[in-house]
Amino acid sequence: MSSANEKLVGSVDQGTTSTRFFIFDHQGDIVSMHQIEHRQIYPQPGWVEHDPMEIRDKMKEVIQGAMKRAGIGPERLAALGITNQRETTIVWNPKTGKPYYNAIVWQDTRTGDLCRKLAVAGDMNCFREKVGLPLATYFSGPKICWIMDHVDGVRAAVDRNEAIFGNIDTWLIWWLTGGPDGGVHVTDVTNAGRTMLMNIDTLDWDPEMLSIMGIPRRMLPAIKSSSEIYGFTGKSGVFGGEIPVSGDLGDQQAALFGQTCFTPGEAKNTYGTGCFMLLNTGGKPVQSKSGLLTTVGYRIGSQPAVYALEGSIAIAGSLVQWVRDNMGLIKQSPEIEALAKTVQDNGGIYFVPAFSGLFAPHWRSDARGLITGLTHYINKGHIARAVLEACAYQVKEIFEAMEKDSGIRLKALKVDGGMVQNELLMQFQADILDIPVICPKNRETSVLGAGYAAGLAVGYWKDQSELLRQWAFDKKWEGNMPEPKRSALYEGWLRAVKRSYS
């Protein structure tokens with residue numbers, strides 16, 4: 001428990017379905033938090049949007065709620081960090097703060113045709129060496145192009161210097177530091193690296209990529225490290241006091257940092273709306289030949305950047321939400337585990353959740369969701385089990401690709417995110433990978449990682465070795481499935497995935 005005058009660190013976690021604000025003490029323990037969901041907007045099949053103003057307002061609400069619960073004022077906060085859903089794209093007027101269009105969410109697939117047009121000789125990997133990423137609907141650059149091409153008045157506004165771009169981190173930092181009244185227009189290397197516009201070696205906007213996509217550099221935020229003072233909150237803002245805004249990491253890189261995966265070869269997997277596995281590859285980018293993303297893991301102050309390989313799965317926890325909301329098989333998401341436990345196995349069915357195509361390692365935007373192996377024997381328990389198993393199978397595909405690209409045999413997997421509370425899923429994950437799956441004491445690793453980055457920038461924590469000493473594990477699952485069964489189940493999954501290709 002923190003003392004009445006101990007300094008604390010605040011951290012915003014702006015995610016795909018909700019916004020949260022956490023307050024941490026020096027031990028990295030949670031003092032207070034508040035969370036509010038926001039609307040998911042689906043204008044057409046494959047389109048996913050958020051209201052940027054709603055997200056800004058929810059951020060204010062959760063900050064006020066968490067500080068009220070903690071009974072503290074702004075003078076108690078030493079620093080403020082941000083972690084965010086990545087690739088979600090906003091273009092707005094810097095004079096008014098008004099967005100020209102809704103935020104286009106990372107899951108959105110409307111830029112498929114544009115990505116295919118940009119591919120040189122049909123090669124979706126043509127820019128990989130430069131930006132570490134394949135051409136895919138996932139990333140921000142093509143989304144910016146779509147807004148400029150399809151929203152009335154945006155191109156003219158760009159020409160007048162009245163349109164700027166940001167992922168969610170940039171949008172929130174801009175508002176926290178003043179908005180139209182002097183807001184700072186910045187991003188960090190982890191978020192900039194998800195646009196297809198940042199050169200993976202120079203860590204700056206790449207002139208050739210800007211030219212190819214027709215995006216003027218003046219629209220883009222300044223690229224900073226993940227841990228430095230970007231600006232200060234104003235006394236008239238939500239905090240009512242000046243606090244350094246000094247940490248910024250995309251949510252999956254923040255989890256890598258919060259899990260203290262500081263050594264090359266350490267990996268973490270976050271089970272959230274999607275599923276995201278990152279492997280620390282050290283000080284040089286490793287180009288993937290197996291469909292993974294080459295990305296910046298983090299950069300602390302003036303230290304060299306640390307790179308990572310990432311495997312991204314579009315649908316994980318959101319599949320449980322779909323079973324709840326669209327199918328009505330459960331009333332609350334946690335009920336999926338009890339329903340899955342009513343059967344001994346999946347009954348021979350596989351659920352491939354390619355609702356937005358398939359991400360790594362396939363990168364097939366044409367793939368569509370399916371359930372294979374249905375018979376009269378199958379009941380809703382089998383479907384629930386197949387939903388959970390789908391998450392674990394997708395992680396195994398990423399895991400194998402990482403080992404192949406990096407040449408590193410992974411000995412354990414650190415895990416975090418909402419789905420780690422699901423014992424059945426975690427045990428099946430350990431079984432299908434045949435390695436220990438380890439959950440830390442503090443499972444809120446993304447928001448903790450952003451807090452760590454913010455605190456390091458102002459000297460709240462001395463260095464990363466101090467953070468390493470704080471990490472402790474809460475639970476470990478060991479694999480105990482016989483090899484023939486593991487191989488047979490996985491082969492069945494791979495056959496089902498191929499059937500999802502349209």
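1. How many residues line the largest pocket, and which of them lie nearest its centre? The largest pocket is lined by 43 residues, and Y271, G272, G417, G418 and M419 lie nearest its centre. A pocket here is an open set of points on a 1 Å grid over the protein atoms alone, with protein on both sides within 12 Å along at least five of seven lines; lining residues have an atom within 4 Å of a point.

2. The model is predicted: local features need pLDDT of at least 70 and side-chain atom pairs count only at pLDDT 80 or more, while totals for chains, interfaces and linings use all residues. Residues are numbered from 1 along each chain as its sequence is written, and side-chain values use heavy atoms, with hydrogens and water left out.

3. The space in the largest pocket is about 1,200 Å³, where a volume is the space filled by probe spheres set on grid points joined across faces, edges and corners. Helix 10 (317–325) gives the largest share of the lining, 5 residues. Other elements that each supply at least two residues include strand 2 (18–24), strand 3 (30–37) and helix 11 (335–340). Helices (H or I, at least four residues) and strands (E, at least two) are DSSP runs, numbered from the N terminus. By class, the lining has 10 nonpolar, 22 polar and 11 charged residues. Ala, Val, Leu, Ile, Met, Phe, Trp, Tyr, Cys and Pro count as nonpolar, Asp, Glu, Lys and Arg as charged, and the others, Gly among them, as polar.

4. The second largest pocket has a volume of about 600 Å³. Its lining comprises 22 residues, of which Q40, Y42, Q107, S318 and W322 are the closest to its centre. Helix 10 again provides the largest share, 5 residues. The lining divides into 7 nonpolar, 12 polar and 3 charged residues.

5. The model also holds 2 cavities of 30 Å³ or more, a cavity being a set of points where a 1.4 Å probe fits but cannot get out. The largest cavity has a volume of about 90 Å³. It is lined by 15 residues, and I313, L358, F359, A360 and Q394 are the closest to its centre. Strand 16 (306–313) and helix 12 (380–406) each supply at least two residues of this lining.

6. The second largest cavity contains about 30 Å³ of space and is lined by R385, L388, E389, L424 and F428. Helix 12 contributes the largest share, 3 residues. By class, this lining has 3 nonpolar, no polar and 2 charged residues.

7. Helix 9 (residues 251–258) and helix 14 (residues 445–457) pack at an angle of about 75 degrees, with their axes 7 Å apart. Helix 9 is therefore roughly perpendicular to helix 14 (the term covers 65 to 115 degrees). Axes are lines fitted to C-alpha atoms, for helices over the stretch in contact, and angles run from 0 to 180 degrees between N-to-C directions. Contact means heavy atoms within 4.5 Å. Among the residues that meet are D251 and F257 in helix 9 and Y452 and L456 in helix 14.

8. Helix 4 (residues 140–150) is mostly covered, with 9 of its 11 residues buried, including W146 and M148. By contrast, G71 is exposed, with a relative accessible area of 63%. Buried means under 20% relative accessible area and exposed over 50%, with partly exposed in between (1.4 Å probe, protein chains only). G71 lies in the loop between helix 1 (52–70) and strand 5 (77–84).

Conventions: Angles under 35 degrees count as roughly parallel, over 145 as roughly antiparallel, 65 to 115 as roughly perpendicular and the rest as oblique.
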